[in-house]
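Please consult the sequence and the coordinates shown here.

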Amino acid sequence: MSSELRKKWWTVPVGHLVWFFITLICFTLRKKVILEDSDGKPMGSFQCIIALWHNRVFVPCYVYRYVIKGKKVQMSMLTSASKDGALLATVAKDYGMRAVRGSSRRRGVAGFMDMLRELRDGCSMCITPDGPKGPIYKCHPGVIKLASVSGLPIVPARISYSSYWRIKKAWDGFIIPKPFSRVVVHLAKCIEVPAELTPEQQQEYCEKLNQALAAGTPDFEPIHPEKS
């Protein structure tokens, strides 16, 4: 069935190995978190929906677990219903986070309802609005709808590295920071989404989030240039 949660026997042990690899590299990074606007409240002390591009997911779990101080709100992460999603869910849980499985392509409605339950349970939610398969740097409307229904603000998270590797065969040109490089996590001004949006308004907020996530990032050239 297209709605099933996919998982293999190896996803959990490999997920633990991925967690170890991420933690090892992140330990060496020079990390800086910039919180642009939260009405004076420290990050982790208020409920929100954090949005970041799919190719920037290498460091956020580590940063939330070990760098952001004064966390009072449990963080949950949306991962796909695929085998890769099961692997990432293991990584999230190793960092003390919760995980919801689903995407616009598989378990869309069920995943959305699971996210609402997490939010109503007092968690914050971390979402990659261009995932799980793109198009790259283009927000899907799900995150806007979630903010509209829940009444929670979206915090755009811009993540930049001074030096990194790029997996060019991946659809999003996935980025892995090089050891001892500098990472800046810029948590931009909250986007408040009203209830009961029209389709046109929903698209306007998608574009607003696109612009917020694109601002100040240096690598927004095409990952896979169109062939002439």
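Which helix and which strands each supply at least two residues of the lining of the largest cavity? The model is predicted: local features need pLDDT of at least 70, side-chain atom pairs count only at pLDDT 80 or more, and totals for chains, interfaces and linings use all residues. Residues are numbered from 1 along each chain as its sequence is written, and side-chain values use heavy atoms, with hydrogens and water left out.

The contributing elements (DSSP runs numbered from the N terminus; helices H or I, at least four residues; strands E, at least two) are these:

| Element | Residues |
|---|---|
| Helix 2 | 60–67 |
| Strand 3 | 75–79 |
| Strand 6 | 154–161 |
| Strand 9 | 182–187 |

Helix 2 gives the largest share of this lining, four residues. Ile50, Pro60, Tyr64, Ile68 and Leu187 lie nearest the centre of the cavity, among 16 lining residues. The lining comprises 16 nonpolar, no polar and no charged residues.

Turning to helix packing, the axes of helix 1 (residues 11–28) and helix 3 (residues 83–94) come within 8 Å and cross at roughly 55 degrees; axes are lines fitted to C-alpha atoms over the stretch in contact, with angles from 0 to 180 degrees between N-to-C directions. The two helices are therefore oblique to each other, a class left after under 35 degrees (roughly parallel), over 145 (roughly antiparallel) and 65 to 115 (roughly perpendicular).

Methods
1 Å grid on protein atoms, 1.4 Å probe; cavity = no way out; pocket = protein on both sides within 12 Å on 5 of 7 lines; lining within 4 Å. Nonpolar A, V, L, I, M, F, W, Y, C, P; charged D, E, K, R; others polar.
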